[in-house]
Amino acid sequence: MTYSYFPGCTLKNKAKDLDFYARACAKALGFQLEEIPEWQCCGAVYPLASDEIATKLSSVRALKDAKAKGQDLVTVCSACHHVIKRVNDDMANVEEIRTKVNNYMSDEEPYNGETKVLHYLEVLRDVVGFDAIKEKVVNPLKGRKIGAYYGCMLLRPSVTMQFDDPENPSIIEDFIRAIGAEPVVYPMRNECCGGYISLKDKPMAANMVDQIMDSAAWKGAQELITACPLCMYNLRNNGTKEGLPVTYFTELLAEALGIKEEVQA
Amino acid sequence: MSADAKLAQQIREISGVDTRKCMKCGRCSASCPAYNEMDIRPHQFVSYVQNGNVEALMNSKSIWKCLSCFACVERCPRDVKPAKVIEAVRLSVIRQRGENFLSPDEIPALLDDETPQQLLASAYRKYRK
């Protein structure tokens, strides 16, 4: 299976490892990620205003590219996934936005939300299957107690994201089991890390990060995993105390599949 | 239509929110992780717009505290979407008054070695036009 792949701006820079491990693991698990040529930044936040059109165009261009190839569109970054999936929903279901966007791109075939948008974790769960991953694990992460940090963007609003139960998700816990480790469920796993507030309001972000870390440690987690570079940054850098170590889920997948050293080299 | 009523109508249009749907249960504010940082809370945004008092919202610091985490949207039993109201007020301030919350001159001092591009892109999208 070959997917159109939208890496996003951060995966080309500060979150390179999230990208490298994702590509290598895809290969090991038997699916291809074909990077969309000349993709543009998704904008990192979904434009909530009903009258914003220009800020949705980069997502539509990526979606159209995937449609032309007849491929589903895969992202790894939570923010890219959130933005592109919601814009796709607008193109499928909000007539005013669809009409304005298509009028703007008037020289091309109209786009009506045909492309299917998948997060990498959804490919693991729904296409590859966690049982199949388990069989391919050569280095099970036995004895490691790992907390899933979902954050906001994968889950909410659930009516559009349709990723998992927004209040009691299980996909990352199932992933953790598949790679041989023990998932630790803790109350704050789907609470916000502070997001973009950490640029100008470090104390507010610190307060939120501390609550997440305390909650995970209290339930016995020894480490956390995430799919979002901004969550990663806040959790690692913006708490007031020494928190739990945080890694990208793709890095642990590579470790379990026994390809981590190969990727690093 | 009075100036206040016009502003309220504009917020309804930008947000697409029907403020009359609110049944004032307060679940949005109870869910909000930025509640303690806000001078006007999410449930109040909805009722202020309903009552035509948008000016107070435009002067509120809450518009720079909302995280767009969508907890209020997810948990609202009436599907009012308070986050969209807050976004519409914030955008009105930026569009009408040209008041940007982030200046490019500030950026160098705010960066560290780990700052992800995602943080700059999202802050720019939220804080200025």
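Colleague: Which residue stands opposite A:Gly147 in β6(A)?
Modeller: In this predicted model, the residue that stands opposite A:Gly147 in β6(A) is A:Val184.

Colleague: How do you know that β5(A) and β6(A) are paired strands?
Modeller: Three bridges join β5(A) to β6(A), and the two run parallel. Pairing requires at least two bridges between two strands, and with three bridges β5(A) and β6(A) therefore count as a pair.

Colleague: What joins β5 (residues 145–148) of chain A to β7 (residues 223–226) of chain A?
Modeller: Here too there are three bridges, and the strands run parallel; within this pairing, A:Ile146 stands opposite A:Glu223 in β7(A). On to β8 (residues 246–248) of chain A, β7(A) is again joined by three bridges in the parallel sense, with A:Ile225 opposite A:Thr247.

Colleague: In what order do the four strands of the open sheet in chain A stand?
Modeller: The order is β6-β5-β7-β8, and the pairing is parallel.

Colleague: Why are β6 (182–184) and β8 of chain A called edge strands?
Modeller: Each of these two strands pairs on one side only, and that is what the term edge strand expresses here.

Colleague: How many bridges pair β1(A) with β3 (residues 73–75) of chain A?
Modeller: There are two bridges, in the parallel sense, and the required number is at least two, so β1(A) and β3(A) also count as paired. In β3(A), A:Val74 is the bridge partner of A:Tyr5.

Colleague: Turning to chain B, why is B:Phe70 called buried or exposed?
Modeller: B:Phe70 has 26 C-beta neighbours inside 10 Å, and a residue is buried if that number is 20 or more, so B:Phe70 counts as buried. B:Phe70 is placed in the loop between α4 (54–58) and α5 of chain B.

Colleague: Leaving aside its neighbours within four places in sequence, which residues is B:Phe70 in contact with?
Modeller: The contacts of B:Phe70 are A:Cys152, A:Arg156, A:Pro157 and B:Ala83.

Colleague: How many residues of chain B are in contact with chain A, and how many of chain A with chain B?
Modeller: From chain B there are 30 residues, in contact with 34 residues of chain A. On the side of chain B that touches chain A, α1 (3–15), α5 (71–75), α6 (82–97) and α8 (117–127) of chain B each supply at least two residues, and the largest share, eight residues, comes from α8(B).

Colleague: How do the residues of the side of chain B that touches chain A divide?
Modeller: They divide into 16 nonpolar, seven polar and seven charged residues.

Technical notes. Residues are numbered from 1 along each chain as its sequence is written. Chains are lettered from A and ligands numbered from 1 in the order in which they are written. This is a predicted model: local features need pLDDT of at least 70, side-chain atom pairs count only at pLDDT 80 or more; totals for chains, interfaces and linings use all residues. Two residues are in contact if their C-beta atoms, placed from the backbone, lie within 7 Å. Ala, Val, Leu, Ile, Met, Phe, Trp, Tyr, Cys and Pro count as nonpolar, Asp, Glu, Lys and Arg as charged, and the others, Gly among them, as polar. A residue is buried if 20 or more other C-beta atoms lie within 10 Å of its own, exposed if 12 or fewer, and partly exposed in between; C-beta atoms are placed from the backbone.
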